[in-house]
Amino acid sequence: MRPTFALALGLALSTAALAGVPAAYAAGASDTDQERAARWQEIAKSIFGDRTIAPTDTLVKLEAPKRAEDAALVPITLTMPDRDKIKAVSLIIDDNPAPYAAKFEFGPAADTSELKLRVRVNNYTDMHAVVETTDGKLFEAKQFVKASGGCSAPMGMSDEEAMKGMGDMRMKFADAKPGKPVDATLMIRHPNFSGMQMNQVTREYTPARYIDKLTVSAGDQTIFTLTGDISIASNPVINFGFKPDGKPIQVAASDNQGGHWTRSFTAPSPTN
Amino acid sequence: MRARSILPRMAAVAAAAFCLAAAQPADSPVNVPEPSGLYTGPQRGYTPPTLKGAKVVDAAAVVALIDGPDKPVLIDVAMREKKPANFPEGRLWLPVHPSIPGAVWLPNAGAVPLAPEREALFFERVSQLTGGDKAKPVVVFCHVECWGSWNAGKRLVEKGYTAVHWFPLGVEGWQDQHETRNLTEDPAWKKSQAAER
């Protein structure tokens with residue numbers, strides 16, 4: 001269905017452009033912006049209480065496509081170059097019904113310079129990345145994303161098919177260089193049902209089933225612990241960096257319905 | 001984006017030539033026929049290009065109506081977000097419904113079937129909003145590729161409304177260029193829903 005939507009919208013937009021849109025309804029005017037700002041205040045308060053969140057353009061950068069091709073699979077990149085300052089990062093998709101998409105808490109084996117994941121986006125929305133620094137302060141970066149319907153988009157297959165091989169994992173490693181962090185990509189087979197997806201045949205909602213906890217370690221040193229939510233896309237793919245010390249990479253994932261899976265991967269050793 | 005989108009559409013046209021009788025729900029965006037009455041399939045799906053007795057409008061036409069002398073009644077029938085039954089207690093759930101400013105939100109008023117008292121209330125609300133004038137412009141919409149607004153429009157046409165406008169691109173087609181406002185549910189509609197439970 002989505003290609004049609006893109007086409008239809010494209011046509012509608014060109015018509016709108018030709019007709020000349022009255023200023024009162026043009027995007028970027030203040031009322032909508034104010035409403036977005038008020039909503040962010042409400043969300044931030046419910047997650048972080050009264051703590052101050054300062055803007056940053058260095059501690060964390062949030063990249064997302066301005067217009068997503070697939071609202072159920074929106075790629076997000078978080079860049080946090082000051083490894084030693086970063087304790088955790090939260091990703092909030094303001095206008096999703098469950099806005100708190102993910103929280104990553106980093107351990108000693110983490111390299112935070114680049115973290116990627118894929119999320120569902122339900123409405124045109126602001127997204128916020130909030131980092132907590134090791135001295136307990138909060139900093140935010142913001143990005144506006146145009147996508148809608150991602151939380152309720154059906155997977156295009158039966159629930160049984162979507163759950164086939166649930167918990168299977170793969171990991172890819174980039175080449176290791178001595179003394180440098182290694183980039184890795186973790187792929188987990190899991191439908192991450194949002195609970196908002198309607199089975200088009202039975203017209204019943206598939207219950208939410210999503211990975212709510214994911215821990216990745218290098219040996220006994222944690223790389224990160226992820227607290228997940230229904231906004232993370234099906235078949236989660238997470239790119240992250242870690243400091244290799246020759247020990248295997250351990251992954252433990254669990255979902256909100258009691259599923260639990262573990263897997264160990266052999267980390268690459270540096271070659272000269 | 002357009003180049004990407006047009007190809008599948010052309011393929012669909014070719015496929016449709018071989019398959020004149022469209023399946024329900026339609027598996028292609030072209031040649032979706034108008035059902036003779038209300039559409040009883042799932043709400044999400046390709047919709048027809050027309051609605052007999054109503055005018056199909058784009059966002060620019062909606063703007064023209066709003067800016068025109070006879071302000072339309074804007075009726076949003078998008079479903080409210082369904083909170084997953086097993087969503088954890090205490091986890092942040094804060095659904096929001098951005099829409100056309102000034103619209104009245106009657107969630108799921110395009111449902112089929114709709115309980116008789118709910119359908120009666122739908123007509124009552126529209127009658128109040130139009131001041132009993134069946135020639136008053138009414139714009140019905142929900143989301144893109146959503147039958148809810150088609151059905152709501154059909155109900156109004158069959159009730160004798162003569163200036164029904166169906167805006168099939170809905171909220172998605174609007175928000176790309178225009179201001180939105182977060183709507184709360186029409187109080188009367190919400191109250192009746194609560195009484196039904």
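In the predicted model, strand β2 of chain B, residues 73–76, is covered on both faces. B:V73 and B:I75 lie on one side and B:L74 and B:D76 on the other, and each of these residues is buried. In a regular strand, side chains alternate between the two faces of the sheet.

Strand β5 of chain B, residues 138–141, runs parallel to β2(B) and is joined to it by four bridges; within β5(B), B:V139 is the bridge partner of B:L74. Strand β4 of chain B, residues 104–105, also pairs with β2(B) in the parallel sense, here over two bridges. B:V104 of β4(B) is the bridge partner of B:I75.

The largest nonpolar core comprises 63 residues, and those with the most contacts inside it are A:V60, A:V89, A:V119 and A:V131. Beyond its neighbours within four places in sequence, A:V60 is in contact with A:L78, A:T79, A:M80, A:V89, A:A129, A:V131, A:F139 and A:A141. In soluble globular proteins, nonpolar side chains tend to be buried together.

Chain B is assigned two domains, with domain 1 covering residues 1–33 and domain 2 covering residues 37–196. Seven residues of domain 1 and six residues of domain 2 of chain B form the contact between them. On the domain 1 side of this contact, five residues are nonpolar and two are polar, with no charged residue.

Conventions:
Residues numbered from 1 in each chain as written. Chains lettered and ligands numbered in written order. Predicted model: local features only at pLDDT ≥ 70, side-chain atom pairs only at ≥ 80, totals over all residues. Domains from an automatic or database assignment. Contact = placed C-beta atoms within 7 Å. Nonpolar A, V, L, I, M, F, W, Y, C, P; charged D, E, K, R; others polar. Core = buried A, V, L, I, M, F, W, Y, C linked by C-beta atoms within 7 Å. Buried ≥ 20, exposed ≤ 12 C-beta atoms within 10 Å, placed from the backbone. Pairing = 2+ DSSP bridges.
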